[in-house]
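Please examine the fold and the aromatic contacts of the protein shown here.

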Amino acid sequence: MLANPLAITTSSLGLHPSHTLPEKLTAAASTGFTSIEIVYQELLDYGLTQTPPVDATNAARTIAHLCHSLNITVLALNPFKNFEGHNSPISSRLESAKQWIEIAKVLGAKYLQVPSQFDTENSVGDWAVLVDELQQLSDLAASSSVSIAYEAVAWGSYVNTWEESLKVVQDVNRGNFGLCLDTFHVAARVWGDNTVDSGIRQGGERALRASLDRFVERCPMEKVFYVQLSDAERFEPPLAAGHRFYQEGFAPGLTWSRNMRVFPLEREYGAYFPVVEIARVWMKEKQWGGVVSMEVFDWRMREEARRPMENAARGMQSWRRLVTALQSSD
């Protein structure tokens, strides 16, 4: 039986304005999740609902107290995006980072999650620059006892595979800078394709198998801070102009991620990603025993009636399904 500590992101608990942060935290705690990833925008939104309105730092203080009362810890604050290599002054980006890190500290969050750069038009891919700026970010975070969980997103401009993100971690070479791995990003990058009828890219099965084999051989698990699990709904019809989720200029993977990511093995919602195969490598072959976090962005959760308690129960049911699938494959 897998005994990983379980976390869930606030985005996975509801996407309607009436799905409040306190309601989400209560739902997560009552269904067995022991920690939470908090989306920064949700702190801002929560602060605006207070009388009088408060800023993100003061909202974080209230939320931290609530988490303590619910016996749930804050795993991470996310997503601090488009940082490294951006064309804006590094001083302004570090000043923004300082504010995020302070809020993470107030929350008691262990990690600040940083997705890999994807603002291609306003950034550069000079590896030395990327590494140097991430070192500066790490050092700033370390002064507040916060670690950086770096995640290769499938549509990243310069870093979009686990191999590339591991190289970043190794080159940054800071004890508080490590990996966040996500089943969605691994599969969406090398296996899935939401622009074709099959939903699978040509050669995807071989590419995924090769990637997982390399992971077993090359990825030191001490460089992993936590892992995220999510599945994906097949696009029927495939994504193209005219599709309800199509946005011109958006990478297909980004559109997929923001609208049709469901909990692992939710076949009833069209889930079809090879999550079991990826999780088997991470959690069985590589014996990952650390935190597992559920991160989904399901369009259905934009409905007011899909309350956080229902969504939290979906997440826990998904975890049980995955555990069963992994045990049956032994």
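Are tryptophan 191 and tyrosine 272 buried or exposed? Both tryptophan 191 and tyrosine 272 are buried, where buried stands for under 20% relative accessible area, exposed for over 50% and partly exposed for what lies in between, with a 1.4 Å probe and protein chains only.

This is a predicted model, in which local features need pLDDT of at least 70 and side-chain atom pairs count only at pLDDT 80 or more, while totals for chains, interfaces and linings use all residues. Residues are numbered from 1 along each chain as its sequence is written, and side-chain values use heavy atoms, with hydrogens and water left out.

**Aromatic rings**

Rings of Phe, Tyr and Trp (for Trp, its six-membered ring) pair if their centres lie within 6.5 Å, and planes under 30 degrees apart count as stacked, over 60 as edge-to-face and the rest as tilted. By this rule there are 16 aromatic pairs. In one of them, the rings of tyrosine 111 and tyrosine 226 have centres 5.3 Å apart and planes at 45°, so the pair is tilted. Tyrosine 111 belongs to strand S4 (residues 111-115) and tyrosine 226 to strand S7 (residues 224-229), so this pair ties together parts that are 115 residues apart in sequence; helices (H or I, at least four residues) and strands (E, at least two) are DSSP runs, numbered from the N terminus. Tyrosine 111 and tyrosine 226 are both buried.

For tryptophan 191 and tyrosine 272, the ring centres are 5.5 Å apart with the planes at 45°, so this pair is tilted. Ring pairs also link these two residues with Phe184, Phe235, Trp256 and Phe273 into a cluster.

**Strands**

Two strands pair if DSSP finds at least two bridges between them. In the order S1-S2-S3-S4-S5-S6-S7-S10, 8 strands close into a barrel with parallel pairing. Strand S1 (residues 6-9) and strand S2 (residues 35-39) run parallel and are joined by 3 bridges, and threonine 9 has glutamate 37 in S2 as its bridge partner.

A further 3 strands form an open sheet in the order S8-S9-S11, with antiparallel pairing. Strand S8 (231-232) and strand S11 (297-298) stand at the edges with a single partner strand each, so one side of each is left without a neighbour in the sheet.
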